[in-house]
Amino acid sequence: EHKGCAAGMMVTASHNPKDDNGYKMYGPNGAQLCEPHDTAISELILDNLAPWTDYEAKAKEVRASTLCVEDLDGISAEYFRQMAATLNYHSEDNAASELKVVYTAMHGVGAPFAARAFAAFGLRPFVPVPAQNEPDPTFPTVAYPNPEEGKGALQLSFDAAAAAGSSLVLANDPDADRLAVAEKQPDGAWKVFSGNEIGMLLAHWLFKKATAAGTE
């Protein structure tokens, strides 16, 4: 959307097992494609299952095109600028917070972007999970790299939290479009929140801060 492109594609393992690496397609509005476009793409794939015999030549042709540019730094900078300008509602609270947060990228790409997001919101840096911080398509520490699966996928995060004295864990899946949140309870057990619970907690916080500020 920022560049006015016709489409976007991301090669990803997502939250699937390592043998199911694939890709995701996005439309000109930046949103993931849905019906009927995804069905049309699937049909085209099924009609063209034979691998290209001259794949390397075609790849070089694409890379040599003036339409093929690398602008990750520029796009990322604009993304985090907009994030800080439009979503950072409580910067003073963030700056004053002493909460330690453990974050895992689950062997994916999320860590550097999560670090920049924390900085954009004025939060203290998170505590990483070293064994899962760098991208690794073989997912060596988990059988199924979906943080929403719960405690089995988050055990290393819980271990890191215990070592750091943290009571909050945030976890992304490998392509960083899924989020799991877990909190250590008074009895020492970990509560892994569902997506609905996370949404309600966020809504409650916004409502609480709005009413405290006198917003109707």
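Predicted model: local features only at pLDDT ≥ 70, side-chain atom pairs only at ≥ 80, totals over all residues.

Student: OK, β3 then. Which way do V101, V102, Y103 and T104 point?

Tutor: V101 and Y103 go one way, V102 and T104 the other, and all are buried. Buried means under 20% relative accessible area, exposed is over 50%, and partly exposed is in between (1.4 Å probe, protein chains only). In a regular strand, side chains alternate between the two faces of the sheet. Strands here are DSSP runs of E, at least two residues, and helices are runs of H or I, at least four, numbered from the N terminus.

Student: In what sense do β3 and β5 pair, parallel or antiparallel?

Tutor: Parallel, over four bridges, with V101 opposite L168 in β5. Pairing means DSSP finds at least two bridges between two strands. β3 also pairs with β4 (residues 127-128) in the parallel sense, over two bridges, and there V102 stands opposite V127.

Student: What do β3, α5 and β4 make together?

Tutor: A right-handed β-α-β unit. Right-handed means that, with the strands pointing away from the viewer, the path from the first strand over the helix to the second runs clockwise.

Student: And which residues of α5 are buried?

Tutor: In α5 (residues 110-120) they're G110, A111, A114, A117, F118 and A120. Their cover includes α3 (72-87), β3 (101-104) and β5 (168-172), going by contact, meaning heavy atoms within 4.5 Å. Just after α5, G122 has a positive phi of about 75°.

Student: Which residues other than glycine have a positive phi?

Tutor: M106 is one, with phi near 55°, and A176 is another, near 65°. M106 lies in the loop between β3 and α5, while A176 is in the loop between β5 and β6 (179-184).

Student: Are those two buried or partly exposed?

Tutor: M106 counts as buried because its relative accessibility is 0%. A176 is partly exposed, at 32% relative accessible area.

Student: Switching topic: where's the cis peptide bond?

Tutor: Between E35 and P36, with omega about 0°. P36 sits in the loop between β2 (22-26) and α1 (37-46).

Definitions and conventions: Residues numbered from 1 in each chain as written. Heavy atoms only, no water.
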